[in-house]
Protein chains: 2
Amino acid sequence: MPENLASIAEKVLRLANDFDLTVVVAESCTAGLLCQTLSEAPGAAERFHGGFVTYTKEHKTQALGVPSRLLQEKGAVSREVARAMAEGALLHSTADLAVAITGVAGPEPDEDGNPVGLTCFAVARRGRPMYDFERRYGNIGRTAVQQRAVADALTALAEAAARRAVEA
Amino acid sequence: MPENLASIAEKVLRLANDFDLTVVVAESCTAGLLCQTLSEAPGAAERFHGGFVTYTKEHKTQALGVPSRLLQEKGAVSREVARAMAEGALLHSTADLAVAITGVAGPEPDEDGNPVGLTCFAVARRGRPMYDFERRYGNIGRTAVQQRAVADALTALAEAAARRAVEA
């Protein structure tokens with residue numbers, strides 16, 4: 001696992017510990033890398049509940065409750081679906097904080113014609129407004145897209161965990 | 001990813017394709033490695049639905065419906081919990097075939113006092129009797145336990161997929 005991912009994951013769990021939060025994730029194109037990265041960080045047993053790896057549209061609906069109509073209309077790689085995934089992850093866990101990743105790792109564009117590297121994210125925290133964003137990494141290779149997506153998801157989680165201090 | 005894992009995963013998805021089956025997984029101590037391994041194999045988009053990474057007992061209950069009483073009585077690392085995880089994975093997906101892994105990757109024994117390396121598995125296929133088994137890898141290091149567990153889970157999946165030819 002790349003060093004930078006390990007260090008951001010450690011930061012996420014340290015902040016989760018500082019602010020007494022637990023974390024769950026939902027990931028598609030990264031296919032388990034986000035879960036693995038968090039599970040290897042110190043404090044995982046206390047702060048990381050686990051995650052949903054929803055590789056197909058159907059499993060996004062079955063495991064997370066993402067409406068199939070939304071998947072049809074917006075495609076699996078969209079901010080709207082990322083939001084529904086994050087919402088579903090909170091709904092199907094008792095964690096406080098969720099991040100969702102859905103993107104095109106490649107090497108081919110997805111079935112909806114989205115380009116390799118396009119990745120959408122959402123961060124949800126119970127009782128707070130949800131936040132979403134997207135990145136276009138370009139066709140930099142499957143592993144590189146996955147690693148950059150995991151890094152961006154972890155950074156967003158860290159920000160969402162730390163935000164409590166300011167807003168509360 | 002180790003070469004042997006990639007080749008067993010490829011075999012699983014080739015058999016799934018031959019027998020028109022889809023696959024879902026539930027994993028605990030391997031924390032996403034099984035999902036990742038399957039997602040990198042040819043045919044993943046058609047045959048691999050995704051998985052549930054249930055790192056805590058609570059998330060095993062929330063995401064997969066493993067009874068909390070069972071977790072208390074048997075501990076998270078038990079054949080009974082592996083069976084409940086595999087059953088839950090089928091229940092929360094439309095896949096035909098599920099494998100579950102729950103074990104102690106280490107470096108410390110788990111909270112129930114199970115030794116590092118003890119790993120329990122269950123394989124479920126709709127309409128068939130479930131199958132479970134356990135392995136004791138010993139204290140060979142966290143990564144080695146995880147890789148051997150993923151290899152054994154994939155081998156069990158391949159056998160369950162191929163069994164159709166004999167029984168049908």
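**Two chains and the surface they share**

Good morning. Five bridges join strand S2 (residues 48-54) of chain A to S2(B), and the two strands run antiparallel. Strands pair if DSSP finds at least two bridges between them. Strands (E, at least two residues) and helices (H or I, at least four) are DSSP runs, numbered from the N terminus. Within this pairing, Val53(A) stands opposite Gly51(B).

Please note that this is a predicted model, in which local features need pLDDT of at least 70 and side-chain atom pairs count only at pLDDT 80 or more, while totals for chains, interfaces and linings use all residues. Residues are numbered from 1 along each chain as its sequence is written, and chains are lettered from A and ligands numbered from 1 in the order in which they are written.

How many residues of chain B are in contact with chain A? There are 23, and they meet 23 residues of chain A; contact means that C-beta atoms, placed from the backbone, lie within 7 Å. Helix H2 (33-39), strand S2 (48-54) and helix H4 (57-64) of chain B each give two or more residues to this side. S2(B) gives the most, with seven residues.

The same surface serves both copies, as 100% of the contact residues of chain B recur in chain A. Thank you.

Technical notes. Two residues are in contact if their C-beta atoms, placed from the backbone, lie within 7 Å.
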